[in-house]
Amino acid sequence: MRDSFVFLVSGIGLALAQALLSCSADVNPPEPYGAVPTEHQLKWQQMEYYMFVHFGPNTFTDVEWGNGKEDPDIFNPSDMDCRQWAATAKAAGMKGIIITAKHHDGFCLWPSQYSTHTVRESSWREGKGDVLKELSDACREYELAFGVYLSPWDQNHPSYGSPEYNQVFANTLTEVLTGYGPVFEQWFDGANGDAHKGGRQIYDWDLFHNTVYTHQPQAVIFSDVGPGCRWMGNERGVAGETNWSRLDIEGFEPGLGAPPVDTLSAGNIYGKAWVPAETDVSIRPGWFYSPNTDDKIKSVSKLMDIYHTSIGRNSNLLLNVPPNREGRIHRADSLRLMELRQAIDECFSRNLLTDADLCALNTRGGSKRYAAKNLLDDDYNSYWAADDDVQATTIEITLPEAISFNRFLVQEYIPLGQRVSRFSLEIWNESTAGWDAVSEGTTIGYKRILRFPSVKARKLRLNIQEALACPILNSVWLYDATLLPE
Ligand code: FUL
């Protein structure tokens, strides 16, 4: 009796000791796999959704590409209000604004001392206006990040097409990067058309990048090939179903020297650099405002589609909303943005997993620190991880009762790299006592949203079929999204 008591006590002691051990930091966290994001790239990725603003002489001329010969007086917004743009972006749920400080026509929206084709030469505000100043102030006021687009292709500048132009461009870049506070993203357009003199400019990308690193080291540099983030290959708002945030950029250049668009869309599975995708798409048929497109604004369901094929496919969404000739966002665009915000909120506001039970087939070292329940908390840095030798495993989810759902959202913990290459979502079929697949995917990355027709179930499982290294996830969510009318 006494012996069995001792045995019982020591048995409990052992179990306790094991439990304590599994809570302790003894189990090493996984090593990073491949290229990983910098802290700035991670912050950028977490912004997810922000506004693109195409504004300049083209706003007044019904063209998409000006030729640099336009009369600066053409640029004359009658009632420009950057606070209205910022208020609209904020209300839409966006986290920042990127403006075309200089498009291919070379017209500078600030009074650049390196150009004679600027707001200063226009009669707008008697030549004393500065769009970048007003917008950066408005972004600060509305707590939005501020970003700038500058086109190296410049159809106005007399030195374009000669080696001197590279320094001119670096100087204009410096003005923009030193005059208006922090810049979260520097957008470089890869377009490289013929110069007015006939020659094509050879861009000095190292000089341009170093100018950004010097003045705004935290800015994520966009181009076809990054290095901060990449164009995802089309302007339709559809990122690759397979989308790796890694890319091989050695030997490539923005524009003509870029990898094929298929590669930009899918990334490179074993790519050496971390260059996540950004989806740029316009709410209207063109990038610039035209009264001809007032009735051609994309529908809410189209924009919701785009939300799923961009943010839902491991890409940020840069949605272009061009201000009109008054210098304001047209009410039709802002109304649409509010409708979209409402649709997003309705779709993703109620996570059906709050009372769910999660059970992983494999948990790293059996440790609570890496347990599946971490997938439900709000702490970005708590995650579920598998053992190093496990590249395929499942996470079973049991709900308090059978419910209907049609969206599944999953996130990999990207600070340790992107790993999963094939997975499916399955539901337990009571009548056949087996698992039925409802949806499947290849990559996950920062965020992946699966869309599928409504199903009803009490038990479901995430089946990770292939990964390049032990999978590490930090969130799963389940939703029953309202279906939108076409
Ligand atoms: C392209 C440009 O040529 C378009 O005008 C627009 O600015 C788009 C976002 O990038 O390369």
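Here are some questions and answers about this predicted model.

Q: Are helix H5 and helix H6 roughly parallel or roughly perpendicular to each other?
A: Start with the axes of H5 (residues 164–179) and H6 (residues 205–215), which come within 10 Å and cross at roughly 20 degrees. Angles under 35 degrees count as roughly parallel. So H5 and H6 are roughly parallel.

Q: Is Thr-393 buried or exposed?
A: Thr-393 sits in strand S13 (residues 393–412). Beyond its neighbours within four places in sequence, Thr-393 is in contact with several residues, among them Trp-384 and Pro-471. Its relative accessibility is 5%, and the cut-off for buried is under 20%. So Thr-393 counts as buried.

Q: How many residues apart are Arg-328 and Asp-81?
A: The side chains of Arg-328 and Asp-81 meet in a salt bridge, at 3.6 Å from N to O. Arg-328 is in the loop between strand S10 and helix H9, while Asp-81 is in the loop between strand S1 and helix H3. This pair links distant parts of the chain, and the separation is 247 residues.

Q: What separates Arg-336 and Glu-339 in helix H9?
A: These two form a salt bridge, with the closest N and O atoms of Arg-336 and Glu-339 2.8 Å apart. Because they are three residues apart in helix H9, Arg-336 and Glu-339 are separated by about one helical turn.

Definitions and conventions
Residues are numbered from 1 along each chain as its sequence is written. This is a predicted model: local features need pLDDT of at least 70, side-chain atom pairs count only at pLDDT 80 or more; totals for chains, interfaces and linings use all residues. Side-chain values use heavy atoms; hydrogens and water are left out. Axes are lines fitted to C-alpha atoms, for helices over the stretch in contact, and angles run from 0 to 180 degrees between N-to-C directions. Helices (H or I, at least four residues) and strands (E, at least two) are DSSP runs, numbered from the N terminus. Angles under 35 degrees count as roughly parallel, over 145 as roughly antiparallel, 65 to 115 as roughly perpendicular and the rest as oblique. Buried means under 20% relative accessible area, exposed over 50%, partly exposed in between (1.4 Å probe, protein chains only). Contact means heavy atoms within 4.5 Å. A salt bridge is a side-chain nitrogen of Lys or Arg within 4 Å of a carboxyl oxygen of Asp or Glu.
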